[in-house]
Each structure stands twice: as C-alpha cells, then as structure tokens.
Amino acid sequence: MATQTTPLEASTDEKRSSIARQSTEDQGIDILDGIHDGLEFPTEEERKTLRRVADTVPWNAYLLRLVGRLRGYFHRLDAMSPLIFFYQTNFVQQKLPPGSHTGAGFAHGQSGALGRGQRASTGLTTFYQFWCYVTPLLGAYIADTYLGRFNTICIAVVIALVGHIILIVAAVPGVIENSSGALGAFIIALVVMGLGTGLFKSNISPLIAEQYKRTRLFVITTKSGERVIVDPVLTISRVYMYFYLFINIGALIGQIGMTYSEKYVGFWLAYTLPTIIFLLCPIVLFIGRNRYVRSPPTGSILPTAFRLWRYAAKGRWSLNPARMYRQLTAPDFWENAKPSKHVDDKPKWMNFDDHWVDEVNRGLKACAVFCWYPIYWLTYNQLNNNLTSQAATMSTHGLPNDVLSNLDPFALIIFIPICDLLIYPALRRGGVNFSALKKITAGFVTGAAAMIWAAVVQHYIYKTNPCHYSAATCVDANQLALVSPLNVWIQTGSYVLIAFSEIFASITGLEYAFTKAPANMRSLVMAIFLFMSAISAALGEAFVSLSADPLLVWNYGVMGVLAGLTGVVFWLYVRKLDAQEDKLNNLSIANVGLVDGVDTKF
C-alpha cells in the first residue's frame, strides 16, 4: 500500500488542533496523530535524567539503503568520494604500459592509460568533485519544488547510467590507445555522471531518513526494568551510520574487484563490473515504489525563506560593521518576523506559523556549521588522489597501488558498529554528552592526525627513495619504477584515522543536515551541506602546486595544520550552540501555507 503523503492530506480540523496537541505532549499526555499514539512522553525532569536510546529502524529504510549500496559499488555517495577518483588517478596520471591495449600493468607493472601526470590527475579529480557537489543544489530544487525526492532519484539513476556507459567507451581497446580521444570521452563521462550523482546525492539520504516518522521523545521501559527515553535524533543518527556502512560494504567490494580488474585485465573491465551491478538500482526502486514514505514537492519555499530573513533584518543594518554584526546575530533577531507579532499588519506572503520561523532559524544555524566543512574536506580529499600516488612510490610487493584505499571502507565497516553499539552507548551511560557538534570537532582533530601521519610517511619516502625528492618519477635504465623500500602498509594509520574522521564528521554532517532542516527544505539543506565539498574542491585548486614532488610533505603538513586549527576555532564558535542542542531537536511542529490560521498547503 502506498504511503505517500499529499499536501492536502491533513484535514482542517486536525491543523486547528495542532497547537493543542503540542501542549498535551509537553504535559506527557498521548498525542493522537497516527504516529505517536499511545506513547508516554517525558517530563522536563525525565529529559534531564533518563538515559537516551535509539528506536528500531523501519525495514523500508533498509530497502533504500540497498539502492545506496548498489550505487556504492561505483560511487561512495555518503563518503563524499566517488570511487572513480581512485581509478582516475592511474587512468589519467600513469602512462599506457608498453604494448598494452587495455592499460593493465599486471603483477610487476603499473597500470595506466593517458600519462598526463599527477597534477593533471589531481586537477581532473578536483573538477569532478566540484561538479558532483554543485549539482546537488539543482537536485534539491527539482525535488523540493517539482518532482519530489523519489522521482528525482529515478531520473538521476538513468543519467548516471548513461555516464557509466560513456566511461566504459573511453577505456575500451581501440579508444584507450588514442590519448586525446580517450581523454575527451573520459571528461564527458565525468560531466554526465556528475550530474546524475548530484541529483542522487541531495535526495537519497533525506528519503532514507524520512522512512522513520517519529519526531518526539518518548519513554519506554527496557526488559531490565530501566526507564529510558527513545530519542528520534539518535535514531536518525543510527539510520545514517548504517547507511554509511552499507555504502562502504558496496564500495569495498567494488574497489577490490575494480582494482584487480584494472591491474590484470584493463580499465574497461574495471568500469564495466560496477555498471552491471548498478543496473540493479532501477529494479530495487521499482519494487519498493509503493512502500516508501514520500514527501510531496511543496513548491518553491526558498523565496519565502529569503523574504522572512529580509523581514527579520529590517532596521538592523548599519554602516558600522561591528554593530551590524551584533544586530544581525542578536538572540531576538527572528522575534519580530513571527506572524504572532503581526496579527493586524501581516504580509500576504507570511503564510506560516511561529514554529516555522524557529525551524528556519535552526536550519540557518546548521548551514553556518557547514561553512566550516570545506577545510575538513581538504584533508579528506587527499585520500582520493595523493595517498594513492604516495602508495605507488612505496614497496607494494605485487599489490596494486590503489588497493590500500580499501583500508578506509574496511575500517568503516568495522568501527561504525563498534561506535553505534559500544562506544556511543558507553559514553551515554557514563553521562558524557557526545553531541553532534562535539563529534564534528573530533572529526577535524582525527583528520588532522591522518595528515600528520601521511606527512611523516612522505618524509621517509623521500629519505629512502633512490631519487629522494623525485620519488614519483624515479626509474632505472630500463624505465622500470624505482621505489622506496618502505612497506606500503605503513599507510594504514592514515586510512584508519580518516575513517574515524568520517564517522565523526561526515556521518554526523548528514544527520545534522536532516534533523536541523525545516521539513519542506530537507533536500535543500542537504545540498548545502554537500556543496561545502564543492567549495573545498575549488580551494583545493590553490594547493595543486603542492601535490607533486618535492613538495608533498608540505602538502600533507599544511592540510594537517589547517584542519587542527580549524577544529579548535570551530569548537569555540559552536560551543554555545551545542548547549542548545536538545532545545533545537525538539521544536514544535511547524505549519506552512496557512489561510486564516489553517494549514491548507503543507
């Protein structure tokens, strides 16, 4: 049976009584809305004292996760890093092996195709990443305004599939030998796949989280007799953690298969295998089309949000920058924009209640948090290209140089359940509130530590390589690569630390975008979170000159220092917001599209 909600689903009488129902919830009385019926709600004292736990996740969320997992065979959508980055590195940077028609390097050679060098590879990686994280803004607009999330995802899958096919064409024998032609087809594939990926990214994670419909805290008694609070925010956090887990299971399988296909057969097979798996996505979407909880498009709500902000800012502008900043960030900034303050002179566009103003305020606070993420992604993006290149200058003992990238999804598969089932519950039992903003801060710190590890490894590569500071281009008289005697597995520390930073910063960012956004702007806020990676990619262009010998120690060192310092400043900036976390998570339900106090639109 279809569970799609329509804009007119709620009756007028229900909307008139929404404020009364909210009041009864605050008193711990049952809410009769079909979702929270029969639940016991916590008192203010219980909110402060009872331990909090996550709820069970609905099965249809797992079905959508399967779509994400199938897509993850080629694109780690949640990890902000398409797998193509790893294979683009060798495809673009390394030369076609002598006599090869597929790019395969076999056991003792280096796979390659275009031979354009590390800077060209890094530049294309940066462009593709920028493109992938700009297009989610388009996907969010289409979904929120016209098609809804599910329909937009279906279109995205078709577009991405076309891009996959073009990519295979770029790598087939007969094309790959023509460096210019293969490069042109490869770039077209990046553009098409980036469009499909962007439309997919901004909508899949909100759609998955929306399958869990409860929004209020409630109390249950465990089998041991302990009274605990079931927190929807913790449930959404669990949804995203296992979404990340499922994606990385697909990514790990895809990476291993693609790595060895590239090494021993050729790039055409490396790109064909995940494309075949990806063909299952439309089937899974079709099977579950009538089972997913879907939010309908609500029209363009963004102009209304801009009008609201402009209305709230009225009279607060000043030629004195310091004074203007204080007035625009004052605690009462939004109070004058609430409809209850303008009963007699309310503008026609103000078709919402006070609660929606609070939601917009909360959503903008989340966007302010996201503005710090570009520095974090600068450190994470080293995984996409430079760490793979670093591995090529070490002793791999017959392993493909990009196989070490598997350590990242492998570590995530291990540590996500450990964090969810052991570490986070232990912290809650011990009274430690490891909130979302604290997790993000920890993500900056662990990301910085990963870069310090990489910088130290790079230093010893230069020290032990026969060519020292020309390690990436060091060859013998027979043009065979001369590498450092350091074992490539020394890179493990960087990948494990990056995995922990993803758990703390990347997963939490997805959760924060969903839980803090107004219900009718979730795709947009998610797209803004993803857009931070596009800004990071643009910033990364400034560091491309550091991504080659002999400056790679400086490259990793600069990234580590930036991430560490940003983490400290970030926490100083958000610590007051962190104290409001529980209040922001439990705002009253908003009504939009009000006519004479009755919601007729959303």
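The lining of the largest cavity comprises 5 nonpolar residues, 12 polar residues and no charged ones; Ala, Val, Leu, Ile, Met, Phe, Trp, Tyr, Cys and Pro count as nonpolar, Asp, Glu, Lys and Arg as charged, and the others, Gly among them, as polar. The model is predicted: local features need pLDDT of at least 70, side-chain atom pairs count only at pLDDT 80 or more, and totals for chains, interfaces and linings use all residues. Residues are numbered from 1 along each chain as its sequence is written, and side-chain values use heavy atoms, with hydrogens and water left out.

**Cavities and pockets**

The largest cavity holds about 170 Å³ of space. Of its 17 lining residues, Thr 122, Thr 126, Asn 381, Gln 382 and Gly 540 are the closest to the centre. Two or more lining residues come from each of helix H6 (118-147), helix H15 (373-380), H20 and helix H21 (552-579), and H6 gives the most, with 4 residues. Helices are DSSP runs (H or I, at least four residues), numbered from the N terminus. There are 5 cavities of 30 Å³ or more.

A cavity is, on a 1 Å grid over the protein atoms alone, a set of points where a 1.4 Å probe fits but cannot get out; a pocket is an open set with protein on both sides within 12 Å along at least five of seven lines, and lining residues have an atom within 4 Å of a point. Grid points are joined across faces, edges and corners, and a volume is the space filled by probe spheres set on the points.

The second largest pocket contains about 1300 Å³ of space. Among its 42 lining residues, Gln 94, Gln 110, Val 475, Gln 479 and Ala 481 are the closest to its centre. This lining divides into 20 nonpolar, 19 polar and 3 charged residues.

**Aromatic and charge–ring pairs**

The structure holds 32 aromatic pairs, in which rings of Phe, Tyr and Trp (its six-membered ring) have centres within 6.5 Å; planes under 30 degrees apart count as stacked, over 60 as edge-to-face and the rest as tilted. Phe 370 and Phe 529 form a tilted pair, 5.0 Å centre to centre with 55° between the planes. Because Phe 370 lies in helix H14 (residues 354-370) and Phe 529 in helix H20 (residues 522-540), the pair ties together parts that are 159 residues apart in sequence. Phe 370 is buried at 0% relative accessible area, and Phe 529 is buried at 1%; buried means under 20%, exposed over 50% and partly exposed in between (1.4 Å probe, protein chains only). Both belong to a cluster linked by ring pairs, which also includes Trp 372, Tyr 376 and Phe 444.

Two charged side chains sit over rings, with NZ of Lys or CZ of Arg within 6 Å of the ring centre and within 35 degrees of the ring normal.

| Charged residue | Ring | Distance to ring centre |
|---|---|---|
| Arg 289 | Phe 286 | 3.8 Å |
| Lys 439 | Tyr 424 | 4.2 Å |

**Contacts and backbone**

Ile 375 lies in helix H15. Leaving aside neighbours within four places in sequence, Ile 375 is in contact (heavy atoms within 4.5 Å) with Phe 444, Leu 562, Ala 563 and Thr 566. Ile 375 and Gly 560 are 185 residues apart in sequence and 9.9 Å apart in space, C-alpha to C-alpha.

Most residues other than glycine have a negative phi, and most peptide bonds are trans. Asp 549 and Pro 550 are joined by a cis peptide bond with omega about 5°, and Pro 550 is placed in the loop between H20 and H21. His 468 has a positive phi near 55°. This residue lies in the loop between helix H18 (436-464) and helix H19 (492-516), and His 468 is partly exposed at 41% relative accessibility.
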